[in-house]
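Biologist: Please take a close look at the aromatic rings in this structure. How are they paired, and where in the chain do the partners lie?

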Amino acid sequence: MPEVGAERGTQRALVERAIARGEYGLLTLRFRASVLDRYRERADVRLLRTRTVGRIAVVRGWSLDAGIAPGEEEIEVFASDFAERLPESERAHWLDHLAAPPSSANFALMRLGGNACIDDGEAEAW
């Protein structure tokens, strides 16, 4: 298993390449591994894996490759694969299992709403 520093280095390399080349599909989305539960009982779905990577494959349908995070509680897929290989009818299910790091809700609202700023109090030293 790679060390945490090696994982950070790989993630950094992916981000640097995505930014430099405008290949934003190389950025990954993380999901709780429970996203796979709905596929385990389906006869037309094959779940294949090694220690660190896997594939969800629907017979005569779509397939999606995923990285398996240490601890196996999360999986990650490239944003481009999510957009291009996962059928639209499956996306809401996956987004219900999105594993997002803590973030600023106001910052997201500011970007989504196009507002220049959100008044949530007095300016503070950073």
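Modeller: Rings of Phe, Tyr and Trp count as a pair if their centres lie within 6.5 Å, the six-membered ring being used for Trp. The model is a predicted one, and its chain averages a pLDDT of 88, with 91% of the residues scoring at least 70. Confidence is highest in strand E3 (residues 53-58), at 98, and lowest in H5, at a mean of 76.

The structure holds four aromatic pairs. One of them joins Tyr39 and Trp62, with 5.8 Å from centre to centre and 80° between the planes, an edge-to-face arrangement. This pair links distant parts of the chain, for Tyr39 belongs to helix H2 (residues 37-40) and Trp62 to the loop between E3 and strand E4 (63-68), 23 residues apart. Tyr39 counts as buried because its relative accessibility is 0%, under the cut-off of 20%. Trp62 is likewise buried, with a relative accessible area of 12%.

Tyr39 also pairs with Trp94: the ring centres are 6.5 Å apart and the planes meet at 40°, so this pair is tilted. Because Tyr39 lies in helix H2 and Trp94 in helix H4, the pair ties together parts that are 55 residues apart in sequence. Both Tyr39 and Trp94 are buried.

Taken together, Phe31, Tyr39, Trp62, Phe82 and Trp94 form one aromatic cluster. Phe31, a member of this cluster, is also touched by His97, whose other contacts include Arg30, Arg32, Ser34 and Val35. His97 is found in the loop between helix H4 (88-96) and helix H5 (105-113), and it is buried, with a relative accessible area of 14%.

Conventions: Residues are numbered from 1 along each chain as its sequence is written. This is a predicted model: local features need pLDDT of at least 70, side-chain atom pairs count only at pLDDT 80 or more; totals for chains, interfaces and linings use all residues. Side-chain values use heavy atoms; hydrogens and water are left out. Helices (H or I, at least four residues) and strands (E, at least two) are DSSP runs, numbered from the N terminus. Buried means under 20% relative accessible area, exposed over 50%, partly exposed in between (1.4 Å probe, protein chains only). Contact means heavy atoms within 4.5 Å. pLDDT is the predictor's confidence in each residue, from 0 to 100. Rings of Phe, Tyr and Trp (its six-membered ring) pair if their centres lie within 6.5 Å; planes under 30 degrees apart count as stacked, over 60 as edge-to-face and the rest as tilted. Lists of a residue's contacts leave out its neighbours within four places in sequence.
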